[in-house]
Amino acid sequence: MHLVYPAVLAALLFCVGVYGVLARRNVVLVLMSVELMLNAVNLNLVAFDAWLRDAVHAGQALTLFTVTVAAAEIGLGLAIVLLVFRTRRTADVDRLTLLGDPSEAAPEAAATEPEGRAA
Amino acid sequence: MSTLLAATGSLEPAARSFLSPTGAEVVFLLVGLAVLGAAVVSVTTKQLVHAALWLVVALGGLAVEFLLLTAEFIAWVQVLIYLGSVVVLVLFGLMLTRAPIGRSPDADSGNRWAALLVALAAAGTLVTLVADAFRTSWIDLTAGGGSTRATGEYLFRHWVLPFEALSVLLLAALVGAIVLSRSTSGRLPRPRAGKLRAGKPVGRPAAPAATVPSTAPTAPAQER
């Protein structure tokens, strides 16, 4: 089998995941897109493992580890999402702007405050 | 590098043509198209639950791709973990955050076109680079490279320490998820009044061991 097929498929799948992460609004859908990106990496690992005929099968072992870490990641991520939903009543990443600048004057205040502290 | 390529037998541009694909390549291409289409629908559909179900199609197709690349064990791990647990967790998350069942018009944020631009630029760059780099590379697929027996051998012969570290990581993730999802109403609920309440001895009434300090080392042993 040509190596180009799995490599190109993995690249395209990764870019689909990038689009999902950037364009989606619901946090759970963003997590789903992250899963797509992780799976693209898994496909690359398996294909290159089969190509290089690694003696210790580093690609396949790393794929298994990636799958496990992804399972842990989605469990923790959903726990955090549920916590955010419980406190903020929304699962919309565009509305989670608590750390953003509230007004236009915020950069000036942030710029002047450290000087006062230093003086 | 030349020894590596000679060992893998991957540089045979004359014998390997893209115009005469093997059966595995044809199946790989068809399943790959299905995977790609399902992934695109999954990130663009307006119905949130449908997105999770299209993700099932994409991940199941990827399991078939793993099978075609002779990684059988990873294919079944993919089916068990992704299709069995991750998608169910995602569906749980969608339901618990009260995702609308029908068509939701605000599923995509306002920067959709910027995201599309970034994704297309990344896809163009990556595909050009990958196709140019691996145009003549050939995978010699032999059966048995990813069977359960081979997987157990390399996993427990060469990768034992990462494996154990990963189990600790899973335990930490489990504890973290429990701590995060516990009710944060302040303090723990009071233990119900029962036999294990503090200040009341559990065993026989009037056990003298705690009140007689001189025979303290031997008295509890005799009590039992």
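Residues are numbered from 1 along each chain as its sequence is written, and chains are lettered from A in the order in which they are written. In this predicted model local features need pLDDT of at least 70 and side-chain atom pairs count only at pLDDT 80 or more, while totals for chains, interfaces and linings use all residues; side-chain values use heavy atoms, with hydrogens and water left out.

Reader: What pattern does chain B follow along the sequence?
Author: Helices (H or I, at least four residues) and strands (E, at least two) are DSSP runs, numbered from the N terminus. Chain B has 8 helices and 0 strands. Read along the sequence, the pattern is α-α-α-α-α-α-α-α.

Reader: What percentage of the residues of chain B count as buried?
Author: Buried means under 20% relative accessible area, exposed over 50%, and partly exposed in between (1.4 Å probe, protein chains only). Chain B has 224 residues. Of these, the buried ones come to 29%.

Reader: How many residues does chain A give to the contact with chain B?
Author: Contact means heavy atoms within 4.5 Å. Chain B brings 90 residues. By class, that side of chain B has 57 nonpolar, 23 polar and 10 charged residues, where Ala, Val, Leu, Ile, Met, Phe, Trp, Tyr, Cys and Pro count as nonpolar, Asp, Glu, Lys and Arg as charged, and the others, Gly among them, as polar. The number from chain A is 67.

Reader: How much area do chain B and chain A bury between them?
Author: Buried area is the accessible area (1.4 Å probe) that two parts lose on being put together, summed over both. Here 77% of it is on carbon and sulfur atoms. The total is about 7300 Å².

Reader: Which three residues supply more than any other three of the area that chain B buries against chain A?
Author: The three supply 9% of the area that chain B buries against chain A. They are Val43(B), Tyr82(B) and Ile139(B).

Reader: Which residue of chain A forms a salt bridge with Asp108(B)?
Author: A salt bridge is a side-chain nitrogen of Lys or Arg within 4 Å of a carboxyl oxygen of Asp or Glu. The count between chain B and chain A is 1 salt bridge. Its closest N and O atoms are 3.1 Å apart, and the partner of Asp108(B) is Arg24(A).

Reader: How many residues apart in sequence are the parts that Asp108(B) and Lys46(B) tie together?
Author: The side chains of Asp108(B) and Lys46(B) meet in a salt bridge at 3.9 Å, N to O. Asp108(B) lies in the loop between α4 and α5 of chain B and Lys46(B) in the loop between α2 and α3, so the separation of the joined parts is 62 residues.

Reader: Is Asp108(B) buried or exposed?
Author: The cut-off for buried is under 20% relative accessible area. Lys46(B), its salt-bridge partner, is partly exposed at 23%. Because its relative accessibility is 7%, Asp108(B) counts as buried.

Reader: Which backbone oxygen does the side chain of Ser104(B) reach?
Author: Ser104(B) is in the loop between α4 and α5 of chain B, and at 5% relative accessibility Ser104(B) counts as buried. Leaving aside neighbours within four places in sequence, Ser104(B) is in contact with Lys46(B) and Leu48(B). At 3.1 Å, the side chain reaches the backbone oxygen of Lys46(B).

How values were computed. A polar contact is a pair of N or O atoms within 3.5 Å; within protein, one must be able to donate a hydrogen and the other to accept it, and residues adjacent in sequence count only if both atoms are side-chain atoms.
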